Amino acid sequence: MTDDPYRLVRRRGNRHPGNCGRRRLLALMAWLPLGAVVLPGRGMAQDGRRLVDVELVLAADGSGSIDDDELATQRRGYADALAHPRVLQAIQGGYHGRIALTYIEWGGPRSQHTIVDWQEIANGDDAKAFGDALVTAPRAARGWNSISGAIAYGHQKIDENRFAGHRKVIDISGDGPQRGGPSLGLTRQQAVEAGITINALVVRRPGGGYPGPGGMPLHTHYERDVIGGRGAFVMTADTEIGFTDAILNKLIQEIAEGRPTGAARG
């Protein structure tokens with residue numbers, strides 16, 4: 001699709017989204033968030049939040065291992081994928097036909113930054129406006145790979161927004177392992193217990209890139225230590241298929257999925 005340097009080569013735990021309108025409707029009825037009772041045709045929860053199908057935090061690696069050209073490639077990949085007809089079809093096929101989206105970049109333990117704040121995405125114009133804001137924003141993150149800091153920041157963004165989503169997802173992308181900040185296990189647990197699912201995209205750099213702890217493959221580290229919640233999955237991108245294609249498939253799955261997020265209920 002593109003000449004981007006990163007390409008999708010691995011998908012862990014994913015499944016084909018397909019046409020799941022009836023399944024999504026039934027799931028929504030069973031798992032509406034607290035305060036999300038709504039009168040027909042209104043689209044607002046009783047507590048004043050805007051009802052959406054998914055609250056999605058795109059948390060992209062902006063650390064010192066990502067140079068300016070790579071950062072621009074990442075942002076353009078997200079912008080192009082968001083405006084793709086298949087992603088828009090997935091959005092419009094939801095019960096509410098809209099999602100809430102924010103884009104953050106993260107680096108060291110004290111470097112998490114909102115690049116584009118929460119916006120409602122329901123159509124191509126919304127997607128284009130989000131993408132335009134993303135590719136023109138200045139760089140902000142610094143330092144090295146506090147994945148736990150990114151999860152904690154994404155969790156806070158979900159807690160503080162004005163939306164009520166049937167599903168809540170933090171989408172982490174990165175090219176290196178956890179390096180400092182709060183406990184990764186604890187921040188992941190807190191997010192999952194709050195009803196959030198954490199997915200991940202491992203960006204494998206040409207020449208092998210950075211390993212996980214103890215020299216383990218980076219995707220194994222992300223699968224073991226980073227993702228969590230119902231339906232959580234890891235994809236890996238490298239030189240086989242474009243970075244945009246990896247993001248495209250990931251977004252479609254995250255948006256079209258009908259199952260609730262977070263920890264399993266007893």
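Residues are numbered from 1 along each chain as its sequence is written, and side-chain values use heavy atoms, with hydrogens and water left out. Because the model is predicted, local features need pLDDT of at least 70 and side-chain atom pairs count only at pLDDT 80 or more, whereas totals for chains, interfaces and linings use all residues.

Helices (H or I, at least four residues) and strands (E, at least two) are DSSP runs, numbered from the N terminus. In strand β5, twelve of the twelve residues are buried, so β5 is largely enclosed by the rest of the structure; buried here means under 20% relative accessible area, exposed over 50%, and partly exposed in between, with a 1.4 Å probe and protein chains only. Two strands are taken to pair if DSSP finds at least two bridges between them. Strand β2 (residues 50-61) pairs with β5 in the parallel sense over ten bridges, and Val52 stands opposite Gly165 in β5. Seven bridges join β5 to β6, and these two strands also run parallel, with Ala200 in β6 as the bridge partner of Ile172. Between β5 and β6 the chain passes through helix α6 (residues 184-193), making a right-handed β-α-β crossover.

Helix α7 (residues 218-226) has Leu218, His219, His221, Tyr222, Asp225 and Val226 buried. These residues cover an arc of only 160° around the axis, which puts them on the same side of α7, the arc being that of the directions from the helix axis to the C-beta atoms.

A cavity is a set of points on a 1 Å grid over the protein atoms alone where a 1.4 Å probe fits but cannot get out, and lining residues have an atom within 4 Å of a point. By this rule there are three cavities of 30 Å³ or more. The largest cavity has a volume of about 70 Å³, and the elements that give two or more residues to its lining are β5 (163-174), β6 (196-203) and α8 (243-256). Its lining residues divide into two nonpolar, four polar and five charged.

The second largest cavity holds about 40 Å³ of space, and its lining includes Leu58, Tyr78, Phe130 and Leu251. Helix α2 gives the most to this lining, with three residues. By class, the lining of the second largest cavity has nine nonpolar, no polar and no charged residues.

Definitions and conventions:
1 Å grid on protein atoms, 1.4 Å probe; cavity = no way out; pocket = protein on both sides within 12 Å on 5 of 7 lines; lining within 4 Å. Points joined across faces, edges and corners; volume = space filled by probe spheres on them. Nonpolar A, V, L, I, M, F, W, Y, C, P; charged D, E, K, R; others polar. Right-handed = clockwise from strand over helix to strand, strands pointing away.
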